Number of protein chains: 2
Amino acid sequence: MVDLAALLGEDVFAAPTLNGFLAQGPRRWARVRARIQQVLAGGETVPGYPLADVTLHLPVEIADYVDFYASEHHASNVGRLLRPDAPPLMPNWKHLPVGYHGRAGTVVVSGTDIVRPSGQRKLPGDDAPTFGPSVRLDIEAELGFIVGVGSPLGEPVAVDAFADHVFGAVLVNDWSARDIQAWEYVPLGPHLGKSFATSISPWVVPLAALEAARIPLPGQDPRPLPYLRTALDWGLDVDLVVSWNGQVVARPPYRSMYWSPAQMLAHMTVNGASCRTGDLFASGTISGPDPAQRGAFLELTWGGAEPVTVNGQSRTFLRDGDEVVITASAPGSHGTRIGFGEVAGTILPARSAPRGPTR
Amino acid sequence: MVDLAALLGEDVFAAPTLNGFLAQGPRRWARVRARIQQVLAGGETVPGYPLADVTLHLPVEIADYVDFYASEHHASNVGRLLRPDAPPLMPNWKHLPVGYHGRAGTVVVSGTDIVRPSGQRKLPGDDAPTFGPSVRLDIEAELGFIVGVGSPLGEPVAVDAFADHVFGAVLVNDWSARDIQAWEYVPLGPHLGKSFATSISPWVVPLAALEAARIPLPGQDPRPLPYLRTALDWGLDVDLVVSWNGQVVARPPYRSMYWSPAQMLAHMTVNGASCRTGDLFASGTISGPDPAQRGAFLELTWGGAEPVTVNGQSRTFLRDGDEVVITASAPGSHGTRIGFGEVAGTILPARSAPRGPTR
């Protein structure tokens with residue numbers, strides 16, 4: 001791991017997060033990237049530490065966190081599971097990238113243990129909700145995008161200004177307690193079923209490193225409204241791999257996503273909402289057309305009805321002690337592959353119920 | 001306006017926000033309050049500035065922002081308006097304080113002008129959504145609560161530990177574009193219909209100043225699950241007043257709220273979600289049983305069908321140039337009244353549509 005503060009002699013890299021550097025903008029990002037590439041290509045000895053000797057922290061102090069729902073296959077699968085007698089997609093889904101705000105304060109770095117959340121859930125056949133540990137604890141394999149340069153209140157970010165604002169991408173695991181979520185989510189959306197933890201990978205892959213991964217979207221019909229139209233390709237040919245206790249269970253393809261991250265940012269700000277350095281917006285679960293490409297266990301096991309075999313065991317949702325690791329790679333320049341590192345987490349047992357009155 | 005940095009000689013009050021002081025906790029809050037009361041009671045000349053000479057800023061750097069939906073009258077009115085053929089309250093509503101995350105980065109201080117948001121909305125009779133300025137721009141009169149002392153990830157805040165964590169209350173106007181919201185909100189909740197701006201009053205009323213305003217809740221049936229039960233009264237006898245272009249149009253009574261702020265915080269963290277200094281959680285629209293007590297124009301005009309008369313004009317939603325001011329007061333000690341200041345905002349015309357491709 002290269003010590004950029006020592007290599008470049010700049011204090012901005014000695015800070016606990018990248019926020020200061022990210023705020024400096026795309027020209028500066030390009031200059032620093034070129035300088036690092038030059039040094040590494042020169043074969044010089046660079047200041048640094050073995051990866052095994054460092055503790056990785058959140059790369060960015062998260063400002064606001066928004067999670068989208070941009071995979072047509074994921075949204076359709078969830079629709080079929082939850083509303084089997086209705087059209088799988090809601091009427092708005094192909095007109096706008098549906099999304100909602102998550103809890104920025106519980107975004108944690110890869111490797112952070114995840115305590116099984118407790119909460120209210122109403123189980124099938126029960127008359128009233130009960131309180132207890134989630135029995136349908138799930139993952140969502142996603143890509144997230146980190147805003148470097150913010151925008152002022154009242155001024156939308158144009159869809160083609162994406163790379164002027166966004167520095168790069170991280171892997172995201174949006175842990176989800178499906179039983180808590182199912183009971184709470186009408187009419188204002190997911191809250192406690194998601195807010196206990198969202199894990200991200202410890203480094204940010206710059207958009208500049210993903211030039212060879214840029215591809216057209218699969219296609220949008222109906223044609224989006226003008227503020228979402230662009231001639232620039234921001235589909236991304238990123239291959240994710242989801243491992244459950246060391247066994248690969250899914251390979252979600254980012255190339256299958258319906259909405260691009262440039263459209264997500266344009267939509268998120270079209271009402272005049274500002275964005276800030278450190279904002280994280282994520283794609284939502286990435287699921288491809290093939291059953292083995294589904295990025296959530298809810299879909300992979302079809303609501304728990306079709307268990308998968310993990311190390312010889314029949315499994316549906318997460319048990320205590322389970323570890324999930326998501327990795328990803330994309331085409332780099334000159335036939336190389338760009339790695340995204342990983343986002344990993346292990347489930348710890350639920351804590352005992354909250355204390356009663358303390359005084 | 002007293003200059004606390006000069007009065008108390010402490011750097012923490014010279015900071016741009018109160019976050020540093022709020023993190024110091026309830027004993028410290030009590031000592032500082034006692035010291036200020038002592039000085040003011042002594043009739044000494046205190047360092048300060050005329051209110052007319054100061055520019056008020058956000059009192060707190062907002063960490064996460066959650067908005068609840070805790071008024072039974074509001075939730076029932078909205079249910080009747082949007083789902084006239086179904087029970088007005090969703091099945092979960094009396095079991096948990098329903099809430100969702102809002103955009104922390106667009107919380108602004110009272111007096112900030114509000115640019116009318118544009119976005120997608122599908123008007124009655126239209127086959128497809130169109131893009132344009134909101135034609136149903138509304139307010140939501142609320143109280144918000146500011147967290148001083150945070151809590152660690154994985155450890156719920158007990159319902160009776162409310163005052164160990166929360167410093168005080170602000171007035172909130174959760175501006176809402178009802179047409180944008182109605183089209184976007186299924187299934188993940190409100191997003192662009194709310195995220196363009198949320199205004200708060202420029203000072204925080206400490207919980208310690210609201211002791212005389214504490215009252216029992218109106219009553220909860222069914223009895224909540226144990227983690228939401230408390231013998232402490234955190235109903236609040238706060239009277240709000242909503243003025244539209246100088247004319248009082250509603251007097252929402254906080255005492256009519258179904259869920260208490262202590263229950264909101266306990267619920268928000270029961271899944272192990274941490275909270276942080278600067279977290280803001282708001283009550284949702286405050287509406288009482290009487291039509292003149294409704295804290296949103298959606299309810300006050302019954303979805304636009306029953307206009308109100310403002311300065312002789314028949315009005316439903318907000319026009320450009322309109323100003324809304326929300327004030328509030330509560331019983332103080334020895335028969336006095338505690339003022340909450342105000343949260344004010346004026347509507348500016350929508351900006352032109354976002355630029356097309358820039359390169």
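Biologist: How many Å separate the centres of domain 1 of chain A and domain 2 of chain A?

Modeller: In this predicted model, the two centres, taken over C-alpha atoms, are 28 Å apart. Domain 1 of chain A spans 1-54 and domain 2 spans 58-348, with bounds that come from an automatic or database domain assignment. Residues are numbered from 1 along each chain as its sequence is written, while chains are lettered from A and ligands numbered from 1 in the order in which they are written. Because this is a predicted model, local features need pLDDT of at least 70 and side-chain atom pairs count only at pLDDT 80 or more, whereas totals for chains, interfaces and linings use all residues, and side-chain values use heavy atoms, with hydrogens and water left out.

Biologist: How many residues of domain 1 of chain A are in contact with domain 2 of chain A, and how much area do the two bury between them?

Modeller: The size of an interface is often given as the accessible area lost when the parts come together. Buried area is counted here with a 1.4 Å probe and summed over both parts, and contact means heavy atoms within 4.5 Å. Twelve residues of domain 1 of chain A are in contact with 19 residues of domain 2 of chain A. Domain 1 and domain 2 of chain A bury about 1,100 Å² between them, 71% of it on carbon and sulfur atoms. On the domain 1 side, the elements that give two or more residues are helix H2 (19-22) and helix H3 (26-41) of chain A, where helices are DSSP runs (H or I, at least four residues) and strands are runs of E (at least two), numbered from the N terminus.

Biologist: What is the corresponding picture for chain A and chain B?

Modeller: Chain A and chain B bury about 6,400 Å² between them, 59% of it on carbon and sulfur atoms. In chain A, the residues that lose the most area to chain B are A:Arg103, A:Leu188 and A:Asn271, together 13% of what that side buries. The contact takes 65 residues from chain A and 66 residues from chain B.

Biologist: Which side chains meet in a salt bridge with B:Asp279, and how many salt bridges are counted between chain A and chain B?

Modeller: Side chains of opposite charge can pair when their charged atoms come close. The rule for a salt bridge asks for a side-chain nitrogen of Lys or Arg within 4 Å of a carboxyl oxygen of Asp or Glu. Between chain A and chain B the count is two, and one of the structure's salt bridges joins A:Arg103 to B:Asp279 (2.9 Å, N to O). Over all chains, the structure holds 28 salt bridges. Within chain A, A:Lys94 pairs with A:Glu72, their closest N and O atoms being 3.0 Å apart. A:Lys94 lies in the loop between helix H4 (72-82) and E2 of chain A and A:Glu72 in helix H4, so the pair ties together parts that are 22 residues apart in sequence.
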